[in-house]
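Open the model in your viewer and keep the selection tool ready.

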Amino acid sequence: MSALSGKVQTVLGLIEPDQLGRTMTHEHLSMTFECCYSPPAPGDKTVSQDHIQMKNLFWLKQNPYSSHENLLLVQETDAVREELHEYRKAGGGTIVENTTQGIARDLPCLKQLAKDTGVHIIGGAGYYVDATHTEATRKMTVEKLTDIIVSEVLHGADGTEIRCGVIGEIGCSWPITESEKKVLQATAHAQTELGCPVIIHPGRNPRAPTEIVRILEEAGGDISKTVMSHLDRTIFDNGELLEFANLGSYLEYDLFGTEMLNYVYNLEVDMPSDSQRVKTLAFLVQEGYEDNIVIAHDVHTKNRLTKYGGHGYSHILKNIVPKMLSRGINQTQVDKILIDNPKRWLTFK
Ligand SMILES: CCC(=O)NCCS(=O)(=O)O
């Protein structure tokens, strides 16, 4: 039994699991996404270089990754603070902030936001996708990577004493790279040592989540304490979804509010609408997976903030919960998805 056992670790310290309340398990409050810039179509060069304004908001919603300015959530701390006050008013309690090494994690900023707003914020340990790994990271052994991740949870990260309360989001590409595989193995080893929650960003292929679970399992990871993120853009066939669900991880639908015609990172994908997401949640509940579902908005670009006409951090509480209730998911099941499942996941063993 460690000092963390039975507790949840926020950027302000340990708390009791019952204090969490409604929890978004996958958001970002400060980060940069320049690693994933996607050049605009030739005819869109001018609009892509324009400052964010009313007349280009629809274009940005369709092309969020083709504007450099849009990728700098790090510049919007004041707007994010306002949004967190609104999130509290809407009944929110906690946000898991998934920014890891490679996309400008800023734990002091998260600590200040938690102090200013009263929202419990949980920071993420570990590494984002290979494209953001440094040469030094790529050369590290699994043991070294494990030591770093463990230290980010036990002692603090980025030269601070602010401790992470989850490992992740751990970034994986498709196909997965050698460096990402080592980070996954280190994640599993660190999880075994700490009894902590893990959250994974899978590559954009329906086979990616299962492959990742196998790698984690082989390295001794606890799949029942692991969230598989971004299923909304990853698995589309209900049969395949049930096969994956059967492996026992938490199933995360975390792109609520994101509706776009062309998903530039994989043009084969038809990004679902929020109504389709709710339909999938209802399907999973009907199939008996209500104890495995978690949800969020994954705010990671400026246009997703209400300041820029986006859905913000309260869209699920204000708009999606009523829709869930009208589509066969009852209040007890909603509470499991928003409160009980995140609480079980986030509590150290
Ligand atoms: C860092 C934010 C992030 O990775 N978001 C997921 C984007 S997507 O892969 O679902 O497009």
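A disulfide here is a pair of cysteine sulfur atoms within 2.5 Å. By that cut-off, the structure holds zero disulfides. This is a predicted model, where local features need pLDDT of at least 70, side-chain atom pairs count only at pLDDT 80 or more, and totals for chains, interfaces and linings use all residues. Residues are numbered from 1 along each chain as its sequence is written, and side-chain values use heavy atoms, with hydrogens and water left out.

**Stop 1: cysteines**

Select Cys-35 and Cys-36. The sulfur of Cys-35 has its closest cysteine sulfur in Cys-36, at 3.1 Å, which is too far for a bond. Cys-35 is partly exposed, at 32% relative accessible area (buried is under 20%, exposed over 50%, partly exposed in between, with a 1.4 Å probe and protein chains only).

Now select Cys-164. Buried or exposed is Cys-164? Buried, at 0% relative accessibility.

**Stop 2: a helix pair**

Select residues 77–89, helix H3, and residues 107–117, helix H4. (Helices are DSSP runs of H or I, at least four residues, numbered from the N terminus.) They pack at about 40 degrees, with axes 10 Å apart. Axes are lines fitted to C-alpha atoms over the stretch in contact, and angles run from 0 to 180 degrees between N-to-C directions.

Show side chains. From H3, the contact (heavy atoms within 4.5 Å) includes Val-80, Leu-84 and Arg-88. From H4, Leu-113 and Asp-116 are among the contact residues.

Definitions and conventions: Helices (H or I, at least four residues) and strands (E, at least two) are DSSP runs, numbered from the N terminus.
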